[in-house]
Amino acid sequence: MGEGGRGLVTYLSLAIFVGIMALRMMRMKKARPLRLPLLWIMPVIVVLAVSLALWGMPPSGLGWLCLATGVIVGGAIGAQRARLMHLHIDGEGEKARVMMRQSPLAILLIVAVFLVRRLLLPSGFQGGGMQNAAHPGHPVGNALLMMDATLGFALGMIVALRLVLWLRARDMVANHVFDA
């Protein structure tokens with residue numbers, strides 16, 4: 001792909017990201033129900049997808065380290081994002097339910113992760129960043145390590161986000177006084 005094509009792809013991906021973030025910011029003011037019985041579905045899907053990817057192309061020793069680092073960093077960011085979300089119980093009695101509203105800080109956290117990734121990603125592919133032991137400095141080896149780290153990041157973030165949301169909501173429901 002020529003230099004003009006790379007610029008177009010960069011600007012297109014940036015425009016899509018900005019559009020998605022703008023939609024999320026507009027929807028942020030409205031609380032939506034948090035369906036506690038369904039919080040486990042997305043983590044299971046992500047675990048299966050990551051497991052399938054790892055089974056199809058097992059990482060090297062350094063790849064496993066990148067994956068584990070990604071899980072830890074993603075888990076920390078996912079847990080923090082879940083703590084930033086606003087939860088409350090709406091209604092009384094049988095109609096009471098846990099409601100969730102995005103926090104502006106949670107959205108800014110995602111934007112910060114995106115910006116850090118954009119700043120760090122080019123250095124990983126230029127030979128000055130991570131190296132593949134089999135092919136030092138080779139872009140394919142660097143791409144595989146970045147893929148392992150990204151898989152771990154997604155896995156850690158989604159599992160931690162859903163787990164922390166479930167724990168917070170469960171405690172809210174347990175401490176809520178229902179009128180029978």
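Okay, one definition before anything else: buried means under 20% relative accessible area, exposed means over 50%, and partly exposed is in between, with a 1.4 Å probe and protein chains only as cover. The areas themselves come from the Shrake-Rupley method.

Now, what we have here is a predicted model, where local features need pLDDT of at least 70, side-chain atom pairs count only at pLDDT 80 or more, and totals for chains, interfaces and linings use all residues. Residues are numbered from 1 along each chain as its sequence is written, and side-chain values use heavy atoms, with hydrogens and water left out.

So, the layout. The protein has 5 helices and 3 strands; those are DSSP runs, H or I of at least four residues for helices, E of at least two for strands, numbered from the N terminus. Along the sequence the pattern reads α-β-α-α-β-β-α-α. Of the 180 residues, 31% count as buried.

On to the inside. By nonpolar core I mean buried Ala, Val, Leu, Ile, Met, Phe, Trp, Tyr and Cys residues joined through side-chain atoms within 4.5 Å. The largest one has 13 residues, and those touching the most other members are L34, A82, M85, L87, M100, L161 and L165. Helix 3 (61–84), strand 3 (97–101) and helix 5 (139–175) each give two or more residues to this core, and helix 5 gives the most, with 5. In soluble globular proteins, nonpolar side chains do tend to be buried together.

Last, the surface. Patches take residues with over 30% relative accessible area and no salt bridge, joining like charges within 9 Å and nonpolar side chains (Val, Leu, Ile, Met, Phe, Trp, Tyr) within 5 Å. Lys and Arg count as positive, Asp and Glu as negative, with His and the chain ends not counted; each charge is placed at NZ of Lys, CZ of Arg, CG of Asp or CD of Glu.

The positive patch gathers R24, R32, R35 and R97. R32 sits in strand 1 (residues 32–33) and is partly exposed, at 47%.

Then there's a nonpolar patch of about 650 Å², made by L38, W40, I41, M42, V44, I45 and L48. L38 lies in the loop between strand 1 and helix 2 (41–56), and its relative accessible area is 45%, so partly exposed.

Notes:
Accessible areas come from the Shrake-Rupley method with a 1.4 Å probe; for residues, only the protein chains shown count as cover. A salt bridge is a side-chain nitrogen of Lys or Arg within 4 Å of a carboxyl oxygen of Asp or Glu.
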